[in-house]
Amino acid sequence: MAKLEAVEEANNRLERDLFEKITFSEEVKTILGDDSDKLYVPLGFDNLGRSEGDTSFIDVVHTDGNGMGKRIRDFGANATSNRVWIDGMREMFKKIEEANLYALQAMTNFMASKLTKDEKGKVILKCENGKSFHLKEGKIFRDNEWKEVIFFPFRPIIFGGEDVAFICDGRIALDLTVNYLKALQDKILADGNPLFARAGVALVKTHYPFRKAYDLAEDLAKNTKERIDEIDKDSKEVYALDWHVAFTGLSGSISEIREREFEVNQDKLFMRPVSICKTKDGSDWRTWENFVSLTKEFQDKWSEKRNKAKTLREALRKGETQVEQFLKLNNDINLPEVKNCNDMKDKGWFDARCGYFDALEMMDMYFPLEEIDCSATTENSEVTA
């Protein structure tokens with residue numbers, strides 16, 4: 001009963017703190033017309049944008065701050081009195097909440113800026129490569145009447161503190177998550193530095209048990225810690241991302257799953273977790289930018305080579321020798337360049353890691369929303385859809 005009684009206030013909070021703060025650009029407002037007033041918080045997983053006969057994946061995202069316990073302790077260590085410590089802690093947690101809410105607002109605006117209409121006047125979310133999908137339409141009972149609404153393909157489920165979690169349509173999950181993490185750098189906490197964070201993204205079928213999906217997302221977020229330590233062990237000033245596509249049921253932790261299904265003689269078939277916009281010395285190749293570049297190349301240049309892509313995936317699973325044989329048999333095919341790792345294209349592997357499997361796996365599922373700009377920040381600027 002308590003959960004049911006909290007539903008209305010929770011939805012009102014989402015509207016008040018997030019969705020009502022969207023400022024549509026004149027271009028988007030003109031395209032959407034009256035439909036911009038119909039956009040509403042999704043009330044169920046089926047309202048997140050799934051396309052009948054196409055895709056039924058949603059994603060569950062869990063984000064967590066890097067080393068926040070130590071940061072908070074260090075921040076309070078120099079307090080000269082209990083009152084100074086209390087005021088400092090209040091300010092720190094206030095800034096954490098503001099940073100996370102700002103990042104969610106920026107991400108929501110970013111997504112809303114991609115809305116347009118198709119030739120039939122239906123609202124769609126259009127991606128960078130021309131792909132698109134319709135937003136779900138429905139009715140809700142509000143103010144003693146039924147109202148027609150159009151559901152955003154996104155809903156936060158935890159926000160207001162250090163941890164943030166949200167669900168969205170699986171096709172835009174990765175880009176939305178990266179956009180959220182990048183937006184965190186625009187707000188400074190009470191100790192004078194941005195909130196650095198990591199995220200785990202669990203892509204699951206729409207009716208997959210939610211608790212298992214959320215546990216997987218948490219597990220994936222924890223899994224990025226080793227990657228963050230490789231890049232910046234002391235200050236952990238890194239944004240990082242890990243994800244997993246659950247095509248079937250899961251058994252075991254993400255480490256156990258990958259050891260069982262994604263290793264070849266103890267070599268890793270995946271590049272994940274990836275860093276976002278920062279590496280040790282600019283020479284690392286396990287980056288979000290490389291993943292996007294490779295996925296787009298497979299989408300663009302291999303779209304008519306589905307059988308070859310499938311054969312390449314199987315060759316990658318069997319190791320370097322099999323990849324070399326694949327390339328000899330298909331001498332008209334060149335593997336894409338991997339920035340900072342030129343040797344990758346000859347064997348598909350480098351330093352016990354495969355560079356192409358992640359991109360091939362997401363080839364049909366990834367909808368790019370925007371070219372990433374690692375130099376851009378929007379501090380003190382209005383974020384407008």
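Trainee: What should I know about the model before we start?
Mentor: This is a predicted model, in which local features need pLDDT of at least 70, side-chain atom pairs count only at pLDDT 80 or more, and totals for chains, interfaces and linings use all residues. Residues are numbered from 1 along each chain as its sequence is written, and side-chain values use heavy atoms, with hydrogens and water left out.

Trainee: How many salt bridges does a search of the whole structure find?
Mentor: The search finds 30. A salt bridge here is a side-chain nitrogen of Lys or Arg within 4 Å of a carboxyl oxygen of Asp or Glu.

Trainee: Why would such side chains pair at all?
Mentor: Side chains of opposite charge can pair when their charged atoms come close.

Trainee: Which residue does Asp 17 pair with?
Mentor: Asp 17 forms a salt bridge with Arg 13, with 3.7 Å between the closest N and O atoms. Both residues sit in helix H1 (residues 2–17), 4 residues apart, about one turn of the helix. Helices are DSSP runs of H or I with at least four residues, strands are runs of E with at least two, and both are numbered from the N terminus.

Trainee: Which residues are linked with Asp 17 in a network?
Mentor: Salt bridges link Glu 9, Arg 13, Arg 16 and Asp 17 in a network.

Trainee: And Arg 211, what is its partner?
Mentor: Arg 211 forms a salt bridge with Asp 215, the closest N and O atoms being 2.8 Å apart. Both belong to helix H6 (residues 210–223), again 4 residues apart.

Trainee: Is Arg 211 buried or exposed?
Mentor: Arg 211 counts as exposed at 56% relative accessibility, while Asp 215 is partly exposed at 34%. Buried means under 20% relative accessible area, exposed over 50%, and partly exposed in between, with a 1.4 Å probe and protein chains only.

Trainee: Changing topic, what is the volume of the second largest pocket?
Mentor: Its volume is about 360 Å³. On a 1 Å grid over the protein atoms alone, a pocket is an open set of points where a 1.4 Å probe fits, with protein on both sides within 12 Å along at least five of seven lines; lining residues have an atom within 4 Å of a point. The volume is the space filled by probe spheres set on the points, which are joined across faces, edges and corners.

Trainee: Which residues are closest to its centre?
Mentor: Of the 18 lining residues, these are Glu 15, Ser 36, Asp 37, Lys 38 and Leu 39.

Trainee: Which strand gives the most to that lining?
Mentor: S7 does, with 3 residues.
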